[in-house]
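Please have the sequence and the structure at hand.

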Amino acid sequence: MRLPQFDYHAPETLDEALKLKGELGSAAPILAGGTDLVVNLKHRLSSPAAIISLRNIKEMRGIEVKPDALVIRAGTSLVETVGNAAVREHFPILVKAVESLGAMGIQHYRGTIGGNLCLTPRCLLYNQSHFWRTGKGSCHRTGGRECLALEGSESCQAICSGDTVPVFVALSAQLTLAGPGGKRMVPISDFYTGKGESPFTIAPDEILTDIRVPIPWGPLSWSYRRIGIRAAVDFPLINAACTAIPDKGVIGSFRLVLGAAGPSPVIMREAETAFKGKEPDPTMVTMAGEMAKRAVEGIIVENASASKDYRVKMAAVAARRAVQEALALS
Amino acid sequence: MKKHLLSMTVNGDVVDVAVEPNTTLLEVLRDDMALLGVKEGCSEGVCGACTVLMNGNPIRSCLTPALEADGTEILTIEGLASDGKLHPVQEAFVKSGAIQCGFCTPGMILSTKALLDRTPSPSDEEIKNALAGNFCRCTGYTKILDAVRAASNGGSAKVDVHRKE
């Protein structure tokens with residue numbers, strides 16, 4: 001499969017990249033590792049005028065340890081992230097999520113953390129070759145006005161499939177977006193719009209530069225669960241990240257986040273409210289499963305390689321397992 | 001579209017090629033340099049047939065725009081044997097019968113080399129993890145695992161490569 005024609009820029013600094021982004025906007029997507037973008041270009045899901053490669057920008061790579069947080073530059077490769085001593089010490093949940101993501105030879109050396117967070121939302125009816133798609137009508141993302149997966153839907157229901165997304169949401173990460181007017185920070189939960197056709201709150205002239213992960217205030221217990229078909233090449237059918245910090249015998253802080261359900265990660269506020277301040281109890285496992293099922297029933301649609309019913313059922317399974325492991329319940 | 005100059009080291013030789021930005025590394029290696037051991041399978045990063053080593057790391061040449069390889073060292077299957085002698089990993093694949101049609105073999109061998117360079121005595125789990133992104137539709141993988149074990153440090157003693165099943 002050939003790539004469409006485009007111009008190529010490989011600026012040396014972030015300022016140069018921002019200048020190019022300011023001039024070209026959405027006509028020039030960012031190329032970090034390319035493991036998502038290049039496939040999408042081959043499928044003609046977009047045909048940009050140019051691409052802006054991050055390969056020469058040293059300031060986009062590396063991990064900085066600050067007293068209260070870890071700052072991961074968006075262009076840091078997956079393999080460098082999991083090999084970093086500070087990440088391994090403070091956030092083993094992130095290591096687990098990255099290690100369960102794809103295959104070494106596909107994503108780990110080329111793929112980046114920022115790229116995983118900005119993974120284009122996926123849909124079984126969209127992520128196909130141009131030839132395949134010509135057999136279907138157009139959808140919200142291909143110039144049409146309907147969603148092929150959900151009749152009557154006013155926006156695209158494609159799935160936010162990044163493995164690290166629920167993990168960073170559970171860790172309350174903040175993202176730095178650099179633009180012509182300077183840098184701004186957004187909580188990661190606000191980064192995802194819930195609309196597949198415009199999935200991120202990032203302006204066309206902005207670049208995601210850093211992911212700031214606050215170091216937990218107490219001993220963090222955690223769990224990451226991923227349910228998929230063939231781990232090495234398949235995106236998750238559903239994944240769940242759970243973090244908890246005990247405080248004087250009760251659950252002081254709690255987060256349960258489901259990923260790969262709909263266009264944005266699902267934060268289980270109901271579980272958070274129900275479990276915080278209580279002693280860990282085995283009934284919480286069943287409760288979390290029921291809450292997860294209720295939460296995703298209206299979100300999951302028929303647009304992945306497994307049926308809606310199966311994914312809803314697996315959301316409950318992933319939530320149960322994640323809560324069980326994170327709270328060390330039997 | 002305007003061509004850009006790409007300068008990289010391929011199998012030990014410095015090469016300069018003028019390429020259009022939409023050329024993949026796979027296309028440069030196969031079409032411009034006639035390195036036909038780099039196979040185009042799925043062309044979308046799933047099957048692993050196009051694996052080459054970039055600075056010692058296994059990557060998908062079909063997913064890598066050629067210009068991203070500027071200044072890097074690329075190793076393809078053609079660069080493994082030296083002085084007419086096969087590389088030990090190649091030797092192990094031959095002796096273990098880990099080849100049927102051979103289409104996935106260059107990618108398998110390069111992924112194995114990258115693994116063994118880092119972890120000379122990998123566990124079965126580590127082998128499976130390292131080769132998880134390389135598909136073989138013929139062998140059922142058993143012989144390939146045998147070959148990797150045979151190529152690893154002290155592995156040859158554990159595997160009877162001539163066994164009959």
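A:Glu270 is partly exposed at 39% relative accessibility, where buried means under 20% relative accessible area, exposed over 50% and partly exposed in between (1.4 Å probe, protein chains only). This is a predicted model, in which local features need pLDDT of at least 70, side-chain atom pairs count only at pLDDT 80 or more, and totals for chains, interfaces and linings use all residues. Side-chain values use heavy atoms, without hydrogens and water.

A:Glu270 forms a salt bridge with A:Arg294, the closest N and O atoms being 2.7 Å apart; the term denotes a side-chain nitrogen of Lys or Arg within 4 Å of a carboxyl oxygen of Asp or Glu. A:Arg294 belongs to helix α12 (residues 283–297) of chain A and A:Glu270 to helix α11 (residues 269–275) of chain A, so the pair ties together parts 24 residues apart in sequence. Helices here are DSSP runs (H or I, at least four residues), as are strands (E, at least two), numbered from the N terminus.

A second salt bridge joins A:Arg226 and A:Asp163, again with the closest N and O atoms 2.7 Å apart. Here A:Arg226 lies in strand β9 (residues 221–227) of chain A, and A:Asp163 in the loop between α8 (130–133) and α9 (165–170) of chain A, 63 residues apart. A:Arg226 is buried at 18%, and A:Asp163 is buried at 3% relative accessibility.

A:Glu64 forms a salt bridge with A:Lys66, their closest N and O atoms being 3.8 Å apart. A:Glu64 is partly exposed at 31%, as is A:Lys66 at 36%. Over all chains, the count comes to 18 salt bridges.

Note on methods: Residues numbered from 1 in each chain as written. Chains lettered and ligands numbered in written order.
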